[in-house]
Amino acid sequence: AMNRVQLLGRVGQDPIMRQVEGKNPVTIFSLATNEMWRTGDSEVTQGGEIWDPTLLFLYNLGDISQKTTWHRISVFRPGLRDVTYQYVKKGARLYVEGKIDYGEYTDKNNVRRQATTIIA
C-alpha cells in the first residue's frame, strides 16, 4: 500500500508552531493549489502559479475556469519543522511531499468534525 501526495502551490499564511503538552511540536500552514480548465475540455492544467492571461491566445477555445483547493500542512520532523517555521512565508511558492491523514476532532461547540491533513 502507498499513501503519498505531492503538491505545488502558494503558502496561504505564515507557519505557526504548536505544542500540546507531552507531545512534540508541530509546524502548521496552509497551501493553495490551482486547477485550470477550458469549458468543454477534459484537460486540466495544475500548478501553484497564478495563471498568466498573456497565454490566453494559445487557448482560444472556450472559457477558462479555475478552482483553488486549500490544504492543511503539518510538519513534525524536528529539522524540517524548524526550517519551515523560520523560513517559509505567506505567498511563497512551495513544493510539499508527504502523506494524507484523515482525522476527527470535536470543536468548541461539541460537534464532531473531520479534518484532512498532509503530513510533510
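Predicted model: local features only at pLDDT ≥ 70, side-chain atom pairs only at ≥ 80, totals over all residues.

**Reading the fold**

Q: What do burial and accessible surface amount to for the chain?
A: Of its 120 residues, 27% count as buried. The accessible surface comes to about 8900 Å², and carbon and sulfur atoms hold 51% of that surface.

Q: With which strands does β1 pair, and in which sense?
A: Strand β1, residues 5-11, pairs with β6 in the antiparallel sense over six bridges. Strand β1 also pairs with β3, again in the antiparallel sense, over two bridges. Individual residues show how the strands are set against each other: Leu8 stands opposite Tyr95 in β6, and Arg10 has Ala32 in β3 as its bridge partner.

Q: Where does Val5 lie, and is it buried or exposed?
A: Val5 belongs to strand β1. Residues under 20% relative accessible area count as buried. Val5 is therefore buried, since its relative accessible area is 14%.

Q: Which residues does Val5 touch, and how far apart are Val5 and Ile100?
A: Leaving aside residues up to four places away in sequence, Val5 touches Val96, Glu97, Gly98, Lys99, Ile100 and Ile118. Val5 and Ile100 are separated by 95 residues in sequence, while their C-alpha atoms are 6.8 Å apart in space.

Q: What is the volume of the largest pocket, and which residues lie nearest its centre?
A: The volume of the largest pocket is about 500 Å³. Its lining consists of 19 residues, and those nearest the centre are Ile28, Arg72, Ser74, Phe76 and Thr117. The elements that contribute two or more residues to this lining are β3 (26-38), β5 (64-75), β6 and β7.

Q: Which element gives the most to the lining of the largest pocket, and how does the lining divide by class?
A: Strand β7 gives the most, with five residues. By class, the lining of the largest pocket holds seven nonpolar, seven polar and five charged residues.

Q: Where is Ser74, and is it buried or exposed?
A: Ser74 lies in strand β5 and is one of the residues nearest the centre of the largest pocket. Ser74 counts as buried because its relative accessibility is 5%.

Q: Which residues does Ser74 touch?
A: With residues up to four places away in sequence not counted, Ser74 touches Val26, Thr27, Ile28, Thr117, Ile118, Ile119 and Ala120.

Q: Where does Asn110 lie, and is it buried or exposed?
A: Asn110 is placed in the loop between β6 (93-106) and β7 (112-119). Residues over 50% relative accessible area count as exposed. Asn110 is therefore exposed, with a relative accessible area of 65%.

Terms used
Residues numbered from 1 in each chain as written. Heavy atoms only, no water. Helix = DSSP H or I, 4+ residues; strand = E, 2+ residues; numbered from the N terminus. Buried < 20%, exposed > 50% of the residue type's maximum accessible area, 1.4 Å probe, protein only. 1 Å grid on protein atoms, 1.4 Å probe; cavity = no way out; pocket = protein on both sides within 12 Å on 5 of 7 lines; lining within 4 Å. Points joined across faces, edges and corners; volume = space filled by probe spheres on them. Nonpolar A, V, L, I, M, F, W, Y, C, P; charged D, E, K, R; others polar. Pairing = 2+ DSSP bridges. Areas by Shrake-Rupley, 256 points an atom, 1.4 Å probe, with all protein chains shown as cover. Contact = heavy atoms within 4.5 Å.
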